[in-house]
Amino acid sequence: MNAWVAQAITAAADLGIADALANGPLSAEDLATAVDADREALIRLMRALISRGIFRQRRDGRYDLTPLSQPLRRDAEVSLAAWARWMGSPENREHWSHLSESLRRGECVACETRGGSLFEYLAGQPELQEIFNQAMTGISEISIAPLVAAYDFSPYATIVDVGGGRGRLLAAMLNAAPQARGILFDQPHVVIDAPAELRKHRVLDRVRIAEGSFFDDDIPADGDAYVLKNVIHDWPDEQAVHILSNVRASAGAGKHLLLVELVIPAHNREFAGKWLDLEMFVSAASRERTADEYGRLLERAGFELSRVVETVSPFSVVEAIAV
């Protein structure tokens, strides 16, 4: 029944319930007006969510936020509103409806029905693509503080963030390594908004923005460390090796490669990456990987795995050296 809970959370994020409660408790009638929902139907939703600690009802009957619903605010410091909206979107639910057939065939049935990759599909769905992009930004924010706390970026004079989006991670790395300079590399339509993000975090004057695709051979060649966060897990092995080989062609021998990924551990305990692995399978024909699997990919692309640095989040840094 947890699928029902997840869908109720998605509905709360779609309606903006947490946003409506950000300035204080509201009665059922006022909340229904604020989110443009039917009062009686909303009461039923809130009753269910309150039973799981998502929202609460005060003694006077008004609804209020809890620590679990705070991240559903779109203006939260770390917002998971878009993540909830993407996970429960009809399109993503459809991916998972193909799980049984995908398991039988060992391939992504959703990719076949869409007629292309997830990213090609999203390019034709601008509203859904924006939700997806915001979802990735929100999830990325969770990993940043643990990442810069666990890994020392100070040895690198120039850090190249490959597929780095608007530069949020690069800004955090540069703030953790004040002597370093950065190169932000991504597609033109992505980096167009990067200057504002970099200026916000006071590193714009230390960053050069370069436009291109990691599928091409135009990755900047003057970096000491090349960072790819949540890039390789998006692609099957052959395409992943192609991306890594392009990085190796730009990185000189002895330079470092840092992959920020959810590395699947050997134990059988709960780990978010084990579920995300199924998400990648049903939606993108890709996968999460173990340390050994990353080692084999890296070797094929001209790198040698040196270590895996865990953080207090599910993310790890897979460190490799160009050979």
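These legends describe close-up views of a predicted model.

**View 1. The annotated domain, residues 96–304.** An unreviewed UniProt entry lists residues 96–304 as "domain: O-methyltransferase C-terminal". Over this range the chain is 49% helix and 14% strand.

**View 2. Helix α6 packed on helix α15.** Helix α6 spans residues 90–97, and helix α15 spans residues 272–284. Their axes are 8 Å apart and meet at an angle of about 95°. Angles of 65 to 115 degrees count as roughly perpendicular, so α6 is roughly perpendicular to α15. From α6, the contact uses Asn92, His95 and Trp96. From α15, Trp275, Leu278, Glu279, Val282 and Ser283 take part. By class, this contact has 4 nonpolar, 3 polar and 1 charged residues.

**View 3. Strands β3 and β4 side by side.** Strand β3 covers residues 158–162 and pairs with β4 in the parallel sense. The pairing runs over 5 bridges. In one of them, Val160 has Ile183 of β4 as its bridge partner. Strand β4, residues 181–186, is mostly covered. Of its 6 residues, 5 are buried.

**View 4. The buried residues of helix α11.** Helix α11 runs over residues 168–176. Which of its residues are buried? They are Leu169, Leu170, Ala171, Ala172, Met173 and Leu174. These buried residues pack against two helices, α10 (126–150) and α13 (194–200).

Definitions and conventions. Residues are numbered from 1 along each chain as its sequence is written. This is a predicted model: local features need pLDDT of at least 70, side-chain atom pairs count only at pLDDT 80 or more; totals for chains, interfaces and linings use all residues. Side-chain values use heavy atoms; hydrogens and water are left out. UniProt positions are given in the numbering used here, feature names are shortened, and annotations may be inferred rather than shown by experiment. Helices (H or I, at least four residues) and strands (E, at least two) are DSSP runs, numbered from the N terminus. Axes are lines fitted to C-alpha atoms, for helices over the stretch in contact, and angles run from 0 to 180 degrees between N-to-C directions. Angles under 35 degrees count as roughly parallel, over 145 as roughly antiparallel, 65 to 115 as roughly perpendicular and the rest as oblique. Contact means heavy atoms within 4.5 Å. Ala, Val, Leu, Ile, Met, Phe, Trp, Tyr, Cys and Pro count as nonpolar, Asp, Glu, Lys and Arg as charged, and the others, Gly among them, as polar. Buried means under 20% relative accessible area, exposed over 50%, partly exposed in between (1.4 Å probe, protein chains only). Two strands pair if DSSP finds at least two bridges between them.
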